[in-house]
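Me: I am new to reading protein structures. Please take one part of this one and walk me through it closely.

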Number of protein chains: 2
Amino acid sequence: MSKLLEEHEVYEGPRFKVIKKTYEADNGEKYIRDIVCPGDASLVLPIDENNNIIWIKQLREAVDKVQLELPAGIVEPGEEPIDAAYREFEEETGLKAGSMEHLISLYPSIGYTNECVHVFIARDLSQGVKHLDADEEISDIIRIPVEECYEKAKRCEFNHSNMNVALLLYCAKYLNK
Amino acid sequence: MSKLLEEHEVYEGPRFKVIKKTYEADNGEKYIRDIVCPGDASLVLPIDENNNIIWIKQLREAVDKVQLELPAGIVEPGEEPIDAAYREFEEETGLKAGSMEHLISLYPSIGYTNECVHVFIARDLSQGVKHLDADEEISDIIRIPVEECYEKAKRCEFNHSNMNVALLLYCAKYLNK
């Protein structure tokens, strides 16, 4: 297995750092990898009392599109992923979750980023306080029945990897799909 | 909706560039986003004649782990995603695919990267020629029955987002899971 010889930071921005790592392969050849280090994130699959999934519409600058998405956000330094899930869910939807169940932790793009996304199922929802960051654009929440979301996923209407895993895995585990 | 005011490159490495974009929100406030631009990738879900999925074991430097993975690779400039799928599949497994069916195109981490991953189902497999890049470490292929892979996914044994979507969506669409 390859051996890490050296690493150093080559870029630091507001959202992530880039670390350049030099490895030596088993055959003695050296090679480098640039790794994006954005920290971890939490993603929430919120299920209401009528078996609807709660979605938000959010502008995504990386692809210049408004997307139907699940609530999600960055885990702050020193914060537990589950606490980030509770916090981001309330900030983005104005709803409070009574419980958060860990579903899975995912690597979105393991070739060049070390980000890990922790997925939680939020239940027992009640009224909370919406509080968006200054640079977030999120419209009102949208409730869609779980079965309808599953059919949408099967028709490939969602194009966000982590959201698809959250939805398809939830349906596989809990709806015996 | 926010308006893009300006963008410029702040980092260029062997695997990706970083572009800094400045936006103006509806309320007049300016904010910036760093976007990783790694180009697109193709991911292959290979199904053999006995309904096994074909896996590879690969070292992933971003997380310093050897992972069970599906064959995947970067779409070269001027290349179609489906051609990258055929090429990478043969290079990494030593097998040739007789057909490639487009399943879905995914954004792995839309908050900070514009990468799009195109997922294909490979069928009608025959012997080809393995050819790894100098910096790739991939062991022999591993064949696991589709149903067993689905159970593994339900037990959260796979932690790569795009692979999970490929597997769960395939099972949802084709095995009526």
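What does H3(A) pack on, and which residues of H2(A) and H3(A) meet?

Reply: A word of caution comes first: this is a predicted model.

Start with the setting. Chain A has three helices and ten strands. Read from the N terminus, its elements run β-β-β-β-β-β-β-α-β-β-β-α-α. The C-alpha trace of chain A spans about 60 × 40 × 30 Å along its principal axes.

Now look at the sheet. Four strands of chain A form an open sheet in the order S7-S4-S9-S8. The pairing in this sheet is mixed. Strand S7 (72-74) and strand S8 (95-106) of chain A stand at the edges. Each has a single partner strand, so one side of each is left without a neighbour in the sheet. From one strand to the next, the twist averages 25°.

Take one pair of strands from that sheet. S8(A) pairs with strand S9 (residues 117-127) of chain A. The sense is antiparallel, and the pairing runs over ten bridges. Within it, Lys96(A) stands opposite Ser126(A) in S9(A).

Here your helix comes in. Helix H3 (residues 161-174) of chain A packs on this sheet. H3(A) touches strand S4 (41-46), S8 and S9 of chain A. The direction of H3(A) makes about 100° with that of S8(A).

H3(A) also packs with another helix. Two packed helices are described by the angle between their axes and the distance between the axes. For helix H2 (residues 146-154) of chain A and H3(A), the angle is about 120° and the axes are 10 Å apart. H2(A) and H3(A) are therefore oblique to each other. Their crossing is left-handed.

Next, the residues. H2(A) brings Cys149(A), Tyr150(A) and Ala153(A). H3(A) brings Asn164(A), Leu167(A), Leu168(A) and Cys171(A). Of the residues in this contact, six are nonpolar, one is polar and none is charged.

Turn to chain B. Helix H2 (residues 146-154) of chain B and H3(B) pack at about 120°, with 10 Å between their axes. That makes H2(B) oblique to H3(B). The crossing of these two helices of chain B is left-handed. On the H2(B) side, the contact uses Cys149(B), Tyr150(B) and Ala153(B). On the H3(B) side, it uses Asn164(B), Leu167(B), Leu168(B) and Cys171(B). By class, this contact has six nonpolar residues, one polar and no charged.

How do the two chains relate? A rotation of 180°, with 0.0 Å of shift along its axis, superposes chain B on chain A with an RMSD of 0.0 Å. The two copies are thus related as by a two-fold rotation axis.

The chains also touch. Chain B gives 55 residues to the contact, and chain A gives 55 residues. On the side of chain B that touches chain A, the elements giving two or more residues include strand S1 (3-12), strand S8 (95-106) and helix H3 (161-174) of chain B. H3(B) gives the most to that side, with eight residues.

In chain B, H3(B) meets H2(B), and H3(B) gives eight residues to the side that touches chain A.

Terms used
Residues numbered from 1 in each chain as written. Chains lettered and ligands numbered in written order. Predicted model: local features only at pLDDT ≥ 70, side-chain atom pairs only at ≥ 80, totals over all residues. Contact = placed C-beta atoms within 7 Å. Axes fitted to C-alpha atoms, helices over the stretch in contact; angles between N-to-C directions. Parallel < 35°, antiparallel > 145°, perpendicular 65-115°, else oblique. Left-handed = near helix turned anticlockwise from the far one by under 90°. Nonpolar A, V, L, I, M, F, W, Y, C, P; charged D, E, K, R; others polar. Least-squares fit on C-alpha atoms with pLDDT ≥ 70 in both. Pairing = 2+ DSSP bridges.
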